[in-house]
Structure formats: structure tokens, C-alpha cells
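I opened this model to see how its chain is put together. My notes follow the order in which I looked things up.

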Amino acid sequence: NPIISQIILISGFVILIIAAYYLRPSLRVSPIPKDKAPLIDKGIYSYIKHPMYLAVMLIASSLLLNNFNEITFIVFIALYLVLRAKANMEEHLLKKIHKFEYSKKKSLFPIRGI
């Protein structure tokens, strides 16, 4: 359904913009945290551990719905696996840097924080 796909796409971009706004002092492409970067736990980050990854998956879901075939499905699964690995690495590093602080954060995204 094109309307549902558009809603998912817009939701993904809104989450992406909000997450980037809150993450701006620590924003980077790599899952390795910046040196001495603060733990971001305000705004959307107080509810979701990895809203940027969630946003990317929502955008990819919209694209998948608009052009569903074997190739786009395989690419979607590959993207999910990459983002899951990045989230796991990021969580591991953040737990080391911020000790117990990070483990208290909630996650609304069901698969280990992605």
C-alpha cells in the first residue's frame, strides 16, 4: 500500500532528524564512540537506544514495500544484520566507557537495542 509506505518513510525521516539533533555532539558514522563524548540520554534517546538505526530500517522498509523482490529483500536483511552488529558493538563500547550508566537505558526497539 503506497500510503502505508509513505507513512513509514516519513516516520523514518522524522526519527532520523530528531535523533541527529540530539546526537549532534557525538554524531559519527562509525559505531565507535568519540573520545570523551557524553552519553546521550535525552529526547528520543531516553526511549530508544538506537533511533538512528531504527530510522534507517524504517526508511529501508518503505523502500522494500515499494519494490519488493528477492534482491531488495536480501539487501534489506543484509542491512538489518549490519545495523544489528553495529548496535551490538556500540553497546559493548558504551558500557565500557560509561560503566553502569548505559545499561540502565531502556529500549523500545525489540531486538537488543537496534
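**Ground rules.** I am working with a predicted model, where local features need pLDDT of at least 70, side-chain atom pairs count only at pLDDT 80 or more, and totals for chains, interfaces and linings use all residues. Residues are numbered from 1 along each chain as its sequence is written, and side-chain values use heavy atoms, with hydrogens and water left out.

**Whole chain.** I looked up the secondary structure first. The protein chain has three helices and zero strands. Its pattern along the sequence is α-α-α. Helices (H or I, at least four residues) and strands (E, at least two) are DSSP runs, numbered from the N terminus. I then checked burial: 36% of the 114 residues count as buried. Buried means under 20% relative accessible area, exposed over 50%, and partly exposed in between (1.4 Å probe, protein chains only). The accessible surface comes to about 7400 Å², and 70% of this belongs to carbon and sulfur atoms. Areas come from the Shrake-Rupley method with a 1.4 Å probe; for residues, only the protein chains shown count as cover. Among contacts between residues at least 6 apart in sequence, 69% join residues at least 24 apart. Contact means heavy atoms within 4.5 Å.

**Helix 2.** I took residues 51–66 next. Helix 2 has 16 residues and reaches 23 Å from first to last C-alpha, close to the 22 Å expected at 1.5 Å a residue. The expected span is 1.5 Å times one less than the number of residues. Its buried residues include Met 52, Tyr 53, Leu 54, Ala 55 and Met 57. Their cover includes helix 1 and helix 3 (70–98).

**Helix 3.** I repeated the span check here. The 29 residues should span 42 Å, and the end C-alpha atoms are 41 Å apart, which agrees. Among the buried residues of helix 3 are Phe 76, Tyr 80, Glu 90, Glu 91 and His 98. Helix 2 is part of what covers them.

**Cores.** Which residues make up the largest nonpolar core? I found ten: Ile 15, Ala 19, Leu 23, Ile 40, Ile 44, Tyr 45, Ile 48, Met 52, Leu 54 and Ala 55. Helix 1 and helix 2 are the elements that give two or more residues to this core. Apart from it lies another core of eight residues, including Tyr 53, Met 57, Ala 60 and Leu 83. A nonpolar core is a set of buried Ala, Val, Leu, Ile, Met, Phe, Trp, Tyr and Cys residues joined through side-chain atoms within 4.5 Å. I also listed the contacts of Ala 55: not counting residues up to four places away in sequence, Ala 55 touches Gly 12, Ile 15 and Leu 16.

**Loop between helix 1 and helix 2.** I picked two residues here. Leu 27 lies in this loop. Leu 27 is partly exposed, at 35% relative accessible area. Leaving out residues up to four places away, Leu 27 touches Lys 34 and Met 52. Lys 42 is in the loop too. Is Lys 42 buried or exposed? Lys 42 counts as exposed because its relative accessible area is 60%.

**Surface of helix 1.** I ended on Tyr 21, in helix 1 (residues 2–23). Tyr 21 is partly exposed, with a relative accessible area of 49%.
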